[in-house]
Amino acid sequence: MAFRLIVASGNAHKIREIKELTAHLDLEIIGLAEAGQVPPVEEDGATFQENAAKKALETARYLGQWVLADDSGLEVDALDGAPGVYSARFAGEGRGDAANNELLLSRLGQLPLEERSAQFRCVMALASPQGELQFSEGVCRGVIGFEPRGANGFGYDPLFIVPELGRTFAELSSEEKNRISHRSRAIEGMLAILSRMGQ
Ligand code: IMP
């Protein structure tokens with residue numbers, strides 16, 4: 001029987017990507033929405049690692065199950081790493097992706113492309129029901145465009161250009177994004193552990 005792994009996120013896009021990235025493993029991936037009533041975890045850490053650890057640990061202890069948490073965001077070099085851990089609420093709590101993207105474009109103004117470098121970073125924390133933690137991290141470098149392009153993905157995907165491909169994350173198929181994304185690189189670091197689960 002597949003090993004049940006809770007993903008401590010309510011973000012349907014993230015859960016879908018994590019399902020795709022672990023499809024070859026004998027895991028049953030369950031998002032928070034399906035996991036039952038879980039008290040919300042406040043993401044008040046100063047780093048992706050702190051937030052990922054907190055989400056994974058609190059949820060694992062509460063449910064008594066293995067939990068994987070992903071904390072991720074966009075770090076723009078010209079903005080000294082902002083929005084970083086504030087990526088989801090850059091333009092204000094609950095304002096959403098379009099407002100975040102607009103604010104990012106206005107912060108960068110007409111800076112030339114060579115000064116618009118950025119990276120997506122993802123830190124994953126895997127917590128056992130007993131509270132043991134393991135981490136992995138993935139980074140994907142790119143450049144922030146001048147206007148949104150593409151309709152796939154979520155968050156800052158329409159602004160994030162992969163220089164080698166000349167396309168934004170939102171212009172890639174999910175298979176193409178999964179090949180190079182920060183999330184896939186973080187999952188890679190977890191694969192050895194995840195593939196042993198349930199054996
Ligand atoms: P978290 O759910 O607190 O980790 O916030 C993650 C936020 O970072 C999202 O709401 C997006 O704004 C941004 N983000 C993280 N990963 C991606 C991605 O793969 N594409 C686009 N935006 C992302």
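Predicted model: local features only at pLDDT ≥ 70, side-chain atom pairs only at ≥ 80, totals over all residues.

Seven strands make up an open sheet with mixed pairing, and their order is S2-S1-S3-S4-S5-S6-S7. The edges are taken by strand S2, residues 27-31, and strand S7, residues 167-168; each has a single partner strand, so one side of each has no neighbour in the sheet.

Now look at one pair inside that order. Strand S1, residues 3-7, runs parallel to strand S3, residues 67-76, and two bridges join them.

Helix H2, residues 48-63, lies across S1, S3, strand S4 (117-127) and strand S5 (133-144). Its direction is at about 160° to S3. Helix H5, residues 182-196, also packs on the sheet, where it touches S1, S2, S3, S4 and S5. The angle between the directions of H5 and S5 is about 160°.

H5 has a helix packed against it as well. In general, two packed helices are described by the angle between their axes and the distance between those axes. For helix H1, residues 12-21, and H5, the angle is about 50° and the axes are 10 Å apart. The two helices are therefore oblique to each other, and the crossing is right-handed. Which residues make the contact? From H1 they are Lys14, Glu17, Ile18 and Leu21, and from H5 they are Arg183, Ser184 and Ile187. By type, the contact of H1 with H5 has three nonpolar residues, one polar and three charged.

On to salt bridges. The structure holds 14 of them, and I will show one. Arg121 pairs with Glu75, with 3.1 Å between the closest N and O atoms. This pair links distant parts of the chain, since Arg121 sits in strand S4 and Glu75 in strand S3, 46 residues apart.

Last, the loop between S3 and helix H3, which spans 97-108. Most residues other than glycine have a negative phi, and most peptide bonds are trans. Asp80, in this loop, has a positive phi, near 55°. Pro83 lies in the loop too, and the peptide bond from Ala82 to Pro83 is cis, with omega near -5°.

That is all I have; questions are welcome.

Conventions:
Residues numbered from 1 in each chain as written. Heavy atoms only, no water. Pairing = 2+ DSSP bridges. Helix = DSSP H or I, 4+ residues; strand = E, 2+ residues; numbered from the N terminus. Contact = heavy atoms within 4.5 Å. Axes fitted to C-alpha atoms, helices over the stretch in contact; angles between N-to-C directions. Parallel < 35°, antiparallel > 145°, perpendicular 65-115°, else oblique. Left-handed = near helix turned anticlockwise from the far one by under 90°. Nonpolar A, V, L, I, M, F, W, Y, C, P; charged D, E, K, R; others polar. Salt bridge = Lys/Arg side-chain N within 4 Å of Asp/Glu carboxyl O.
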